[in-house]
Amino acid sequence: MFTRATAFVRGDTYPGETKPSNGIDILDKLMGLFAQEGSWDESVDELCRLSLASYDSTQRMIGFHSVLHACARERRATPLGETNEDYQFRQQLSIHAYEIGLRDLPTIHVHRCLSDIFEDGGFWLQKDVLDEEMLVLCRKVIGEHHLDTLRAMGNLESAQKLGEEVLVLYKKVIGEHHPNTLDAMSSLAMTYHDLGRLESAQQLEGEVLVLRKKVNGEHHPDTLTSMANLFCTYRDLAKLESAQMLEEDVLVLCRKVSGEHHPDTLTSMDNLAFTYRALGKLESAQKLEEDVLVLCKKVIGEHHPNTLTSMGNLASTYHALGKLESAQQLEEEVLVLRKKVSGKHHPHTLNSMARLASTYHARLKLKSAQNLEEEVLVLRKTVSGEHHPYTLSSMANLACSYCALGKFESAQELEEVVLVLWKKVTGEHHPNTLRAMGNLASTLCALGKLESAQKLQEEGLVLHKKVIGEHHPDTLTSMANLASTYYALEKLESAKKLEEEVLVLRKKIIGEHHPDTLTSMANLACRDLHRNRIRLGP
């Protein structure tokens with residue numbers, strides 16, 4: 001920890017902030033006392049002689065001087081890499097961070113770093129408290145209108161305005177090709193993305209990519225990052241073919257620049273597999289994810305969080321392929337490892353529990369699914385709070401299990417709460433709110449409350465088209481659900497017209513062979529057959 005701390009060279013204060021302590025200077029002198037590496041026991045003896053540590057032989061515990069705690073508090077010892085060693089070290093620091101708590105944190109940098117450690121360690125409530133304190137400090141030290149303050153406030157409209165002004169000035173003063181200008185363009189594109197202005201984000205990210213290639217070359221890490229940002233936006237816009245093409249290019253470049261075993265290459269493989277899955281190319285996704293998992297185990301170890309994520313991704317593809325037994329087996333293995341590596345309360349562990357519950361649900365182990373989801377919900381409320389998005393997602397999953405068990409009244413009650421909270425937390429137009437509306441409408445249909453379901457679905461469809469566009473897969477799902485409700489209400493012509501529109505769009509957007517397209521074809525054929533039988537009469 002001392003070596004890592006003395007190697008810290010980045011600035012950690014804004015103009016106007018007081019330097020927090022001289023702990024780092026003292027540590028520099030301390031490290032100079034160790035000319036050669038000695039044993040741990042010799043190091044402890046040396047620290048004790050310097051009164052920087054005390055050793056309790058009965059408890060077999062070491063107590064450190066406050067200056068060393070100051071170093072930990074400034075997070076100078078924290079590694080930022082993705083190796084297994086780095087991750088394990090961060091996990092150790094999360095325990096120290098929890099013990100330090102929220103006392104006497106001197107700078108914005110310290111707040112931000114400790115917040116990151118809490119997030120990695122799964123201490124979400126402490127992270128939220130720190131983020132609120134950091135916002136107060138940002139306002140005080142760097143002002144209400146600083147870009148970092150606006151982002152901390154979540155005031156994205158103001159951040160957008162400021163980002164646009166900064167970009168104009170950078171282009172005028174230092175030129176369009178300067179690295180700072182390109183960074184400003186990337187930051188503004190990120191703000192557009194967070195605001196849901198995906199088309200604007202795509203346009204700006206495309207410009208950045210062209211300039212990065214021209215200024216830095218195709219193989220530069222910043223160019224690869226720009227490519228990654230653009231394909232993420234393509235994916236969010238449901239431009240999956242474009243996303244696939246770009247991700248394939250990124251993977252080729254990562255292999256060439258960084259090698260087959262580099263973490264960036266493995267991330268690129270995972271991203272491409274995700275897009276294959278979204279496109280319904282499930283066999284291709286499975287093959288790529290199996291390759292990723294073998295490499296992750298070899299390169300970063302079986303217990304690394306990224307390895308466990310790769311296992312979870314492969315299990316999701318098994319699930320989508322209908323290989324439910326294989327999915328369950330892999331998810332149960334992931335859950336055991338998550339509990340061992342990260343602890344029972346870590347968000348990653350709770351995510352693994354939620355995925356396993358989903359597989360139980362698909363295998364009709366409905367009581368097991370319900371029990372696991374109820375456990376997840378209790379832990380989510382404890383770890384993340386009642387209004388956290390993860391908590392609301394867990395409530396929605398539990399409501400789905402209630403529906404599958406025929407507990408429709410319980411499901412409706414829970415989904416109504418979820419909808420109110422999503423509107424409060426993320427706003428009426430957020431995709432999560434729209435999904436909550438769709439879930440509640442489906443439950444109302446199951447309860448026979450068809451008019452109420454129709455009203456909610458029609459409202460949701462209008463918002464889907466406005467927020468994420470007419471051609472987005474979620475919009476098409478909303479249309480298909482409304483068509484089913486029209487059919488149940490015997491509004492047959494309206495149902496047929498909507499289903500035909502969905503089928504045309506699905507063929508165009510996700511292809512003729514995608515499972516959702518095949519479902520639309522089957523639904524339309526079934527409706528036509530039923531209408532013919534009605535016309536023929538007895």
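**Contacts and make-up of the chain**

Colleague: Among contacts in the chain between residues at least 6 apart in sequence, what share joins residues at least 24 apart?

Modeller: Please keep in mind that this is a predicted model, where local features need pLDDT of at least 70, side-chain atom pairs count only at pLDDT 80 or more, and totals for chains, interfaces and linings use all residues. Residues are numbered from 1 along each chain as its sequence is written, and side-chain values use heavy atoms, with hydrogens and water left out. A contact means heavy atoms within 4.5 Å. Among contacts between residues at least 6 apart in sequence, the share joining residues at least 24 apart is 55%.

Colleague: How many helices and strands does the chain have?

Modeller: Helices (H or I, at least four residues) and strands (E, at least two) are DSSP runs, numbered from the N terminus. On that basis the chain holds 26 helices and two strands.

Colleague: How are helix 10 and helix 11 oriented, roughly parallel or roughly antiparallel?

Modeller: Axes are lines fitted to C-alpha atoms, for helices over the stretch in contact, and angles run from 0 to 180 degrees between N-to-C directions. The axes of helix 10 (residues 179–194) and helix 11 (residues 198–216) come within 8 Å and cross at roughly 160°. Angles under 35 degrees count as roughly parallel, over 145 as roughly antiparallel, 65 to 115 as roughly perpendicular and the rest as oblique. Helix 10 is therefore, relative to helix 11, roughly antiparallel.

Colleague: How many nonpolar, polar and charged residues form the contact of helix 10 with helix 11?

Modeller: Helix 10 contributes residues including Leu182, Met185 and Tyr192, while helix 11 brings Leu204, Val208 and Arg212 among them. Ala, Val, Leu, Ile, Met, Phe, Trp, Tyr, Cys and Pro count as nonpolar, Asp, Glu, Lys and Arg as charged, and the others, Gly among them, as polar. The contact of helix 10 with helix 11 then divides into 11 nonpolar, three polar and four charged.

Colleague: Is the crossing of helix 13 and helix 14 left-handed or right-handed?

Modeller: Helix 13 (residues 240–257) and helix 14 (residues 263–278) pack at about 160° with their axes 9 Å apart, which means helix 13 is roughly antiparallel to helix 14. A crossing is left-handed if the near helix is turned anticlockwise from the far one by less than a right angle, and right-handed if clockwise. The crossing of helix 13 and helix 14 is left-handed.

**Nonpolar cores**

Colleague: Which residues touch the most other members of the largest nonpolar core?

Modeller: A nonpolar core is a set of buried Ala, Val, Leu, Ile, Met, Phe, Trp, Tyr and Cys residues joined through side-chain atoms within 4.5 Å. The largest one has 22 residues, and helix 20 (389–404), helix 21 (408–426), helix 22 (431–446) and helix 23 (450–467) each give it two or more. The residues touching the most other members are Met395, Leu414, Met437 and Leu456.

Colleague: How many residues are in the second, separate core?

Modeller: This second core is separate and includes Ala480, Ala483, Leu498 and Leu505. Its residue count is 13.

**Individual residues**

Colleague: Which residues does serine 520 touch, not counting those up to four places away in sequence?

Modeller: Serine 520 belongs to helix 26 (residues 515–536) and is buried, with a relative accessible area of 6%. With residues up to four places away set aside, serine 520 touches Val502, Leu503 and Arg506.

Colleague: Which residues does histidine 472 touch under that sequence rule?

Modeller: Histidine 472 sits in the loop between helix 23 and helix 24 (473–488). At 13% relative accessibility, histidine 472 counts as buried. Not counting residues up to four places away in sequence, histidine 472 touches Asp236, Leu237 and Ala238.

Colleague: Finally, is leucine 364 buried or exposed?

Modeller: Leucine 364 lies in the loop between helix 18 (347–362) and helix 19 (366–384). Its phi is near 65°, a positive value in a residue other than glycine. With 68% relative accessibility, leucine 364 counts as exposed.

Definitions and conventions. Buried means under 20% relative accessible area, exposed over 50%, partly exposed in between (1.4 Å probe, protein chains only).
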